[in-house]
Amino acid sequence: MTRPGTRLRAFAARVCSAATMERLIDPVIADLQAEHGEAVRAGRVWRSRWALMVGYVAFAKVFVLAGLFAPAWRNWTPDDRQGLKRMAWYTVAVTISVSVLVGLPGVLRVPDIVTFREINIGLLMLYLLPSTLALSVPAGLAIGTTLGISGHPRSRRLVIAILLIALAGSAASFANIAWLTPASNQLFREEVMGRPVEKGENELTLTELRSWELFSNPRSFLFHARLALTAAPLTFVVFGLVIATRRLTRTAAVISASAGLVCYTSGLISGAMFTATGVLPGPLAAWLPQLALIGTTILVSVFVSSNRVPITRTPA
Amino acid sequence: MYGLQLVAASRRRLKRGTIYVTLGRMEEKGFITSRLEAAPAEAGGLPRRLYEPTALGRRVLAWAAAAQHFSPRFAQ
């Protein structure tokens, strides 16, 4: 039986520098093991569980505050730093471009439709931003990852850092889709109409959608589609990582990643239609594009040869 | 003292998550030193790090205590 904290230490050792491990991670793990061991030897079961919980929280704080950032960053190789910067810049550029492409045409049409009052286009674009981010962030991460690391050396540390960014993106996406987007959609509608308006389906929070009185097949599709979109940053980044590590030119890699995005979006739109016509149950139609993307990722990683760009070992 | 002992002695004003970052910086500045102490045989586990002040650290502490006495603002 392994001691508590052993696996956490092994995980941290893959990402953190040796100095960070020695000065920050090991002391926290040692405290956790000492406190837990003391409680177990004294026969205090609840005290040992409390020691574990408090120790894990302390580890998380140390890992996030100091284990991942400044001290480890100083020890990253130049290739890794450049790779992460490239990925970040491309992600931001694609996210902004997709947000503008998705949101602006609709907003620009509003003054033609609403002629009875003056419309603030800037404010409308701001209100529409959260809903465009639901798709533009996964798109940015996928293409940013592909462009950022395709054809360049990469280390396990860089790949783990990119995956952690994707996890953070999914968490932020959840908060955006669950609460921010419904609220901003409602503000958008009220700004267009110039008065309070009753909430439509797209203005309901996840909890409101889930409540059984409102539940129907189309609404179950909407609920599950939103959940699927929160997982999209992670699945898109993994897809982008696999594409970037295949024997493809950069152009081919970007086209492949973009094609994946287009298919995913088309799948969601088709899923809405199939749900409305009763062809597919809502949850299946909502998750099918996600499952298809995961399946495609697995097939590409198995059947398309990987490129020979070296995976560098993380320096100690 | 071990880091956890310092947290307990400060009556939780020092936090477990940040104590080692602070101790690391103090060690870089030369205010404290540390050494690894092997865990007792029956306990096992990772060796724990023991911290103690250097002569410079004691002088800085004495100076800070004196400054706190003279300037209430410094105490904040």
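**Overview of the two chains**

Chain A has eleven helices and two strands; helices (H or I, at least four residues) and strands (E, at least two) are DSSP runs, numbered from the N terminus. The model is predicted, so local features need pLDDT of at least 70 and side-chain atom pairs count only at pLDDT 80 or more, whereas totals for chains, interfaces and linings use all residues. Residues are numbered from 1 along each chain as its sequence is written, chains are lettered from A and ligands numbered from 1 in the order in which they are written, and side-chain values use heavy atoms, with hydrogens and water left out.

**Chain composition**

- Along the sequence, the elements of chain A follow the pattern α-α-α-α-α-α-β-α-α-α-α-α-β.
- Of the 316 residues of chain A, 44% count as buried; buried means under 20% relative accessible area, exposed over 50%, and partly exposed in between (1.4 Å probe, protein chains only).
- Among the contacts in chain A that join residues at least 6 apart in sequence, 75% link residues at least 24 apart; a contact means heavy atoms within 4.5 Å.
- Chain B comprises four helices and two strands, in the order α-α-β-β-α-α.
- Chain B has 76 residues, of which 32% are buried.
- In chain B, 29% of the contacts with a separation of 6 or more are between residues 24 or more positions apart.

**Salt bridges**

- The whole structure contains nine salt bridges over all chains; a salt bridge is a side-chain nitrogen of Lys or Arg within 4 Å of a carboxyl oxygen of Asp or Glu.
- As a general point, side chains of opposite charge can pair when their charged atoms come close.
- One of the salt bridges pairs Arg23(A) with Glu27(B), with the closest N and O atoms 2.5 Å apart.
- This pair crosses between chains, running from helix H2 (residues 18-41) of chain A, which holds Arg23(A), to helix H2 (residues 16-29) of chain B, which holds Glu27(B).
- Arg23(A) counts as partly exposed because its relative accessibility is 28%.
- Another salt bridge links Arg16(B) and Glu35(A), whose closest N and O atoms are 2.7 Å apart.
- Arg16(B) lies in helix H2 of chain B and Glu35(A) in helix H2 of chain A, so this pair also joins two chains.
- Both partners are buried: Arg16(B) has 12% relative accessibility, and Glu35(A) has a relative accessible area of 19%.
- A further salt bridge joins the side chains of Arg35(B) and Glu37(B) at 3.6 Å, N to O.
- Arg35(B) is partly exposed at 42% relative accessible area, and Glu37(B) is partly exposed at 28%.
- Through shared partners, salt bridges connect Glu22(A), Arg23(A), Glu27(B) and Arg49(B) into one network.

**Nonpolar cores**

- The largest nonpolar core has 26 residues, and those with the most contacts inside it are Ile143(A), Leu229(A), Phe236(A) and Tyr264(A); a nonpolar core is a set of buried Ala, Val, Leu, Ile, Met, Phe, Trp, Tyr and Cys residues joined through side-chain atoms within 4.5 Å.
- Two or more residues of this core come from each of helix H6 (121-149), helix H9 (217-244), helix H10 (250-276) and helix H11 (282-303) of chain A.
- H9(A) contributes the most to this core, with nine residues.
- Neighbours within four places in sequence aside, Phe236(A) is in contact with Pro138(A), Ala142(A), Leu261(A), Tyr264(A) and Leu293(A).
- Another core, of 20 residues, lies apart from the largest one and includes Met21(A), Leu24(A), Ile19(B) and Tyr51(B).

**Packing of H6(A) and H9(A)**

- H6(A) and H9(A) pack at an angle of about 15°, with their axes 8 Å apart; axes are lines fitted to C-alpha atoms, for helices over the stretch in contact, and angles run from 0 to 180 degrees between N-to-C directions.
- The two helices are therefore roughly parallel to each other, a term for angles under 35 degrees.
- Residues that make the contact include Pro138(A) and Ala142(A) of H6(A), and Leu229(A) and Phe236(A) of H9(A).

**Surroundings of Pro53(B)**

- Pro53(B) lies in strand S2 (residues 48-53) of chain B and is partly exposed, at 40% relative accessibility.
- Beyond its neighbours within four places in sequence, Pro53(B) is in contact with Phe31(B), Ile32(B) and Arg58(B).
- Pro53(B) and Ser34(B) are 19 residues apart along the chain, and their C-alpha atoms are separated by 8.7 Å.

Technical notes: Angles under 35 degrees count as roughly parallel, over 145 as roughly antiparallel, 65 to 115 as roughly perpendicular and the rest as oblique.
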